Amino acid sequence: AVRAALDGYALARRANGPRGNRHTIAHLQLVHPDDYRRFSRLDVVPVMQLQWASRNVWTMEALLPFIGPERHARMYPARSLRAAGAPLAGGSDWPVDPLYPWNQVQTAIDRFGIYGEEEPLHPDEGVGRFESLRLHTRGTAYQMHQERLTGSLEVGKRADLVLLDAPTHVHLAYRP
């Protein structure tokens, strides 16, 4: 599906030329490595719901047996897409998913999730703290053509601020 969408965007760009569109593909659970660099070349924004990038019943029991270990190892390839130059954005998928923004930010980093999973899901695809904050702020502003208004702390931009006085470990804070 990702390759078909990228092919469609490439065809549209060839037919119409660049028009300043920021095409987007969301819910990027599986991306073939041959397509990582295409996001950057086509200026397609991968919008990732990285709160799902954890070891749970959905990623293990419901998915692994059907896609096999090779593809499973490439799930939610945030680090690989970023390394290939893709302009990552983070998305919550709210109201389908609960709106726990710190879970999104934390799971993008540690790939644990909020329900106390014992092991992370493919931690080699996690991103650093700065990158996680950037894809959830500047990345989403870029995706929506709002980067001149918001997404980073600069004079003249709109901003909501949260000050944290200690590191937060959401996968522990939200345990049921």
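The points below cover the model, the helix and the pockets in turn.

This is a predicted model, in which local features need pLDDT of at least 70, side-chain atom pairs count only at pLDDT 80 or more, and totals for chains, interfaces and linings use all residues. Residues are numbered from 1 along each chain as its sequence is written, and side-chain values use heavy atoms, without hydrogens or water.

**Helix α5**
- Helix α5 spans residues 101-110 and is mostly covered, with seven of its ten residues buried (under 20% relative accessible area, 1.4 Å probe, protein chains only).
- The buried residues of α5 are Asn103, Gln104, Val105, Gln106, Thr107, Ala108 and Asp110.

**Largest pocket**
- The largest pocket holds about 980 Å³ of space.
- Its lining comprises 28 residues, and Leu133, His136, Thr137, Gly151 and Asp160 are the closest to the pocket centre.
- Two or more lining residues come from each of α5, α6 (129-136) and α7 (138-143).
- The lining of the largest pocket has 14 nonpolar, ten polar and four charged residues; Asp, Glu, Lys and Arg count as charged, Ala, Val, Leu, Ile, Met, Phe, Trp, Tyr, Cys and Pro as nonpolar, and the others, Gly among them, as polar.

**Second largest pocket**
- The second largest pocket has a volume of about 380 Å³.
- Among its 17 lining residues, Gln51, Trp52, Asn56, Trp58 and Asp97 lie nearest the centre.
- Seven nonpolar, eight polar and two charged residues make up the lining of the second largest pocket.

**Terms**
- A pocket is an open set of points on a 1 Å grid over the protein atoms alone, where a 1.4 Å probe fits, with protein on both sides within 12 Å along at least five of seven lines; lining residues have an atom within 4 Å of a point.
- A volume is the space filled by probe spheres set on the points, which are joined across faces, edges and corners.
- Helices are DSSP runs (H or I, at least four residues), numbered from the N terminus.

How values were computed:
Buried < 20%, exposed > 50% of the residue type's maximum accessible area, 1.4 Å probe, protein only.
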